[in-house]
Amino acid sequence: MNLSEQITTTLYDYDENYSDYPTPCKKDGIKMFRGKFLPVLYSLVFVFGLVGNTLVVCVLIQYKRLKSMTDVYLLNLAISDLLFVFSLPFWIYYAVDEWVFGMAMCKMISGFYLVGFYSGIFFITLMSVDRYLAIVHAIFAMRARTVTYGTITSIAVWVVALFASIPELMFNQVFHEQNYTSCKPNFPDPADIWKMFCTLEVNILGLVIPSIIMVFCYSMIIKNLLHCKNEKKNRAVKLIFAVIIVFFVFWTPYNIVLFLHMMQELGKLGMLSDCQSRQQLDYSLQLSETLAFVHCCLNPIIYVFLGQKFRKYLKLLLQECSMLPPVCRTCHSHLRPRDSVSSSHTHSTQDYEPYDGL
């Protein structure tokens, strides 16, 4: 029903027990956890992720008008998160009951989920490179950080995210087994190789490569900030650490547990091969994945709302959406301020405040 199920063995078919054990090893507790707690957790992620990222899109379109590379990346990151959260209501219903939406929706919703997952990670990585250029290579950034280059790299990210999702999408099918309908991948032989490939793909593209890029970019940014005198330097350094810590806290546990689950399924973890260990790993996979989901709710706070300009624009947007008389609302719409267009230098480097808006 979700990414961990898409790329592991059997989409967590909770209606079956662990059949490879000589003594009964039931999944009843896991099925109960999935049916009671996951819908609540997924619903919270859906609501906060939908509201936060929708506000980001509205602010960027109505006020920022996409005049810099950063604006383009922020918009695409919000769209990635929205694409991801749009799939959650279907997985919520699937967790409670079974897959009732048919083959076409199985592939389409899985596509939304997977493409949103990969593109979101990639755009977070691009945001790190964008900040690195803006602060460490400011002169070069005047030429490189343009809307045109931002659009080109964004298109490339969507293409890469789509190709990264193809293995799971290609094998996803609807199964009718024991009066239960599921949406899960049917890997061809050698199935173990495909499972390993898909898991390592998530680990490498979703954690290893982004982590290397982010650590390099932010370490160079901190080094640069420590050598300059600016009243906003301390706040910028704190925000940089917040970005790194939040990313690792929310994504590392999921990737580690996902890797362990793959090794267990392949029989490579003898110390975790007993029934109780397998059940605990299943719980850990569900919890760590839900924790990773929360990151899409935090993206608007980390990357947007901590900036002074965005907070100002958000306040104006909420005022426009308040219960004002129609005539006053129209006047207010005409009077709202927008970012001034002064020069190409403003568009590429200064429109996004690298110290305050990190």
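Angles between axes fall into classes: under 35 degrees is roughly parallel, over 145 roughly antiparallel, 65 to 115 roughly perpendicular, and the rest oblique. The axes themselves are lines fitted to C-alpha atoms, for helices over the stretch in contact, and angles run from 0 to 180 degrees between N-to-C directions. Helices (H or I, at least four residues) and strands (E, at least two) are DSSP runs, numbered from the N terminus.

This is a predicted model: local features need pLDDT of at least 70, side-chain atom pairs count only at pLDDT 80 or more, and totals for chains, interfaces and linings use all residues. Residues are numbered from 1 along each chain as its sequence is written, and side-chain values use heavy atoms, with hydrogens and water left out.

Start with helix 4 (residues 69-86) and helix 6 (residues 102-136). Their axes come within 8 Å and cross at roughly 155 degrees. Helix 4 and helix 6 are therefore roughly antiparallel to each other. The crossing is left-handed, meaning that the near helix is turned anticlockwise from the far one by less than a right angle; clockwise would be right-handed. Contact means heavy atoms within 4.5 Å. On the helix 4 side, the residues in contact include Y73, L77 and F84; helix 6 answers with residues including F112, F117 and M127. By class, this contact has 14 nonpolar, 6 polar and 1 charged residues. Here Ala, Val, Leu, Ile, Met, Phe, Trp, Tyr, Cys and Pro count as nonpolar, Asp, Glu, Lys and Arg as charged, and the others, Gly among them, as polar.

Helix 6 also packs on helix 8 (residues 147-171). The two axes come within 8 Å and cross at roughly 140 degrees. That angle makes helix 6 oblique to helix 8. This crossing is right-handed. The class count is 14 nonpolar, 6 polar and 2 charged residues.

Now look at D189 and P190. A cis peptide bond joins them, with omega about -5 degrees. P190 sits in the loop between strand 2 (180-185) and helix 9 (191-226).

Finally, the whole protein. It has 15 helices and 2 strands. Of its 358 residues, 51% are buried, that is, under 20% relative accessible area (1.4 Å probe, protein chains only). Among contacts with a separation of 6 or more, 79% are between residues 24 or more positions apart.

Definitions and conventions:
Buried means under 20% relative accessible area, exposed over 50%, partly exposed in between (1.4 Å probe, protein chains only).
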